[in-house]
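Biologist: I have a model open and would like to go through how it is packed. Where do we start?

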Amino acid sequence: MPLAFIHARIGLAGSLFLLLAGLYALYLYVRQSGVDGNLRGMLVIGEVLFIIMAVLGTIMALEGAHVARWVHYLYGVLMVILIPSAFAITQGRDGRREVLVYAVLALFMAAM
């Protein structure tokens, strides 16, 4: 199975997973809840998927694969750093405002 196929499928899985995480975070926000273990776990799994995708993309680039647009590399870097950055900015707090931050972030990442 070609790396490009696996790379694309992991990207699709990550996007769908973060869509679910974003919807779940919105659900928590509407219920006036804070960040729970389920949301944290979903964000970690999403992050792991995008790290795997970045590793595969790097391997493909080192093998000489080219992308149609250079902005693809920017998206790749953003997907890997956005969730840890949000965690650092919120300083690991788990209140209602942070749920909204993670909801917007996850939905933004799913759309990218």
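Modeller: With axes: an axis is a line fitted to C-alpha atoms, for helices over the stretch in contact, and angles run from 0 to 180 degrees between N-to-C directions. This is a predicted model, so local features need pLDDT of at least 70 and side-chain atom pairs count only at pLDDT 80 or more, while totals for chains, interfaces and linings use all residues. Residues are numbered from 1 along each chain as its sequence is written, and side-chain values use heavy atoms, with hydrogens and water left out.

Biologist: Fine. How many helices and strands does the chain have?

Modeller: The chain has four helices and zero strands. Helices (H or I, at least four residues) and strands (E, at least two) are DSSP runs, numbered from the N terminus. Along the sequence the pattern reads α-α-α-α.

Biologist: And what box do the C-alpha atoms fill?

Modeller: Roughly 50 × 25 × 20 Å, taken along the principal axes.

Biologist: On to pairs. Where do the axes of H3 and H4 come, and at what angle do they cross?

Modeller: The axes of H3 and H4, the latter being residues 96-111, come within 11 Å and cross at roughly 180°. That is why H3 is roughly antiparallel to H4. Angles under 35 degrees count as roughly parallel, over 145 as roughly antiparallel, 65 to 115 as roughly perpendicular and the rest as oblique.

Biologist: Which residues make that contact?

Modeller: H3 brings Met79, Leu82, Ile83, Ala86 and Phe87, and H4 brings Tyr102, Leu105, Phe108 and Met109. Contact means heavy atoms within 4.5 Å.

Biologist: What are they by class?

Modeller: The contact of H3 with H4 has nine nonpolar residues, no polar and no charged ones. Ala, Val, Leu, Ile, Met, Phe, Trp, Tyr, Cys and Pro count as nonpolar, Asp, Glu, Lys and Arg as charged, and the others, Gly among them, as polar.

Biologist: Now H2 and H3. Within what distance do their axes come?

Modeller: Within 8 Å, and the axes of H2 and H3 cross at roughly 150°. H2 and H3 are therefore roughly antiparallel to each other.

Biologist: Who touches whom there?

Modeller: On H2 the contact uses Arg40, Leu43, Glu47, Phe50, Ile51 and Ala54. On H3 the contact uses Met79, Val80, Ile83, Pro84 and Phe87.

Biologist: How do the residues of the contact of H2 with H3 divide?

Modeller: Into nine nonpolar, no polar and two charged.

Biologist: One pair left on my list. What about the axes of H1 and H4?

Modeller: The axes of H1 and H4 come within 8 Å, with a crossing at roughly 155°. Because of that, H1 is roughly antiparallel to H4.

Biologist: Which residues of H1 are in the contact?

Modeller: Ser15, Leu18, Leu19, Ala21, Gly22, Leu23, Ala25, Leu26, Leu28 and Tyr29.

Biologist: And of H4?

Modeller: Arg96, Val99, Leu100, Tyr102, Ala103, Ala106, Leu107, Met109 and Ala110.

Biologist: How do the residues of that contact of H1 with H4 divide by class?

Modeller: The contact of H1 with H4 has 16 nonpolar, two polar and one charged.
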